[in-house]
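This report goes through one protein model, with its strands, a helix, and selected side-chain contacts. Please keep the sequence and the 3D view open while reading.

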Amino acid sequence: MLPRKGSRRIVVDGQPYRWLVRRSPTYAQANAWTGLSFAVQHADTPGAVLQVRVPAARPDNSMGAKGGVITPSDVARAVRLALAEGWRPEAPGGPYQLTLHSPVEP
């Protein structure tokens, strides 16, 4: 379950969600070995969490790699794509993994 503190609310196609980017990078993200990621969960009936990876480094990486920024439109695009692929946000279950293949804006 995503914490309310630090997460942001978004409405996608009439459904409320909460989304969150980690406050600090993992070791692999800090070294720009893995890309930026964020999590999404239904706001009213939290079930399976959507975990999204994008092909851009975190802007706070320690390697100087050009970083990306997650915008609400990126989150909405990920939610719509995951729903089309079969993610059921209100159903219990493990995390649903999604990779966005087009980069986010730096």
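The sections below cover the basis of the model, then strands, aromatic pairs, a helix and salt bridges.

## Basis of the model

The model is predicted; local features need pLDDT of at least 70, side-chain atom pairs count only at pLDDT 80 or more, and totals for chains, interfaces and linings use all residues. Residues are numbered from 1 along each chain as its sequence is written, and side-chain values use heavy atoms, with hydrogens and water left out.

Helices (H or I, at least four residues) and strands (E, at least two) are DSSP runs, numbered from the N terminus. Buried stands for under 20% relative accessible area, exposed for over 50%, and partly exposed for in between, with a 1.4 Å probe and protein chains only.

## Serine 7

Serine 7 is in the segment that comes before β1 (8-12). Its relative accessibility is 9%, so serine 7 counts as buried. A polar atom of the serine 7 side chain lies 3.1 Å from the backbone oxygen of arginine 4. A polar contact is a pair of N or O atoms within 3.5 Å; within protein, one must be able to donate a hydrogen and the other to accept it, and residues adjacent in sequence count only if both atoms are side-chain atoms.

Leaving out residues up to four places away in sequence, serine 7 touches Arg18, Trp19 and Leu20. Contact here means heavy atoms within 4.5 Å.

Strands β1 and β2 pair in the antiparallel sense, over five bridges. Two strands count as paired if DSSP finds at least two bridges between them. Valine 11 has proline 16 in β2 as its bridge partner. The hairpin of β1 and β2 has two residues between the strands, and in this hairpin aspartate 13 takes a positive phi near 50 degrees.

On to the next pairing: β2 and β3 run antiparallel and are joined by four bridges. Leucine 20 stands opposite alanine 39 in β3. Strand β2 is mostly covered, with five of its six residues buried.

## Aromatic pairs

The structure holds three aromatic pairs. In tryptophan 19 and phenylalanine 38, the ring centres are 6.3 Å apart and the planes stand at 75 degrees, so the pair is edge-to-face. Tryptophan 19 lies in strand β2 (residues 15-20) and phenylalanine 38 in strand β3 (residues 37-42), so this pair ties together parts that are 19 residues apart in sequence. Tryptophan 19 counts as buried at 4% relative accessibility, and phenylalanine 38 counts as buried at 3%.

Tyrosine 27 and tryptophan 33 also form an edge-to-face pair, with 5.4 Å centre to centre and 75 degrees between the planes. Both tyrosine 27 and tryptophan 33 are exposed. Rings of Phe, Tyr and Trp (its six-membered ring) pair if their centres lie within 6.5 Å; planes under 30 degrees apart count as stacked, over 60 as edge-to-face and the rest as tilted.

## Helix α2

Helix α2 (residues 72-85) has 14 residues and reaches 20 Å from its first C-alpha to its last, close to the 20 Å expected at 1.5 Å a residue. The expected span is 1.5 Å times one less than the number of residues. Just after α2, glycine 86 takes a positive phi of about 115 degrees.

Buried residues in α2 are Asp74, Val75, Ala76, Ala78, Val79 and Ala82. Their cover includes β1, β2, β3, β4 (50-53) and β5 (96-99).

## Salt bridges

Three salt bridges are found in a search of the whole structure. A salt bridge is a side-chain nitrogen of Lys or Arg within 4 Å of a carboxyl oxygen of Asp or Glu. One of them joins the side chains of arginine 80 and aspartate 13 (3.1 Å, N to O). Arginine 80 lies in helix α2 and aspartate 13 in the loop between β1 and β2, so this pair ties together parts that are 67 residues apart in sequence. Arginine 80 counts as partly exposed at 41% relative accessibility, while aspartate 13 is exposed with a relative accessible area of 60%.

Within α2, the side chains of aspartate 74 and arginine 77 meet in a salt bridge (3.6 Å, N to O). These two residues are three apart in the helix, which means that about one helical turn separates aspartate 74 and arginine 77. Aspartate 74 is buried at 8% relative accessibility, and arginine 77 is partly exposed at 31%. Arginine 58 and aspartate 60 also meet through their side chains in a salt bridge (2.8 Å, N to O). Here arginine 58 is buried at 5% relative accessibility, and aspartate 60 is partly exposed with a relative accessible area of 38%.
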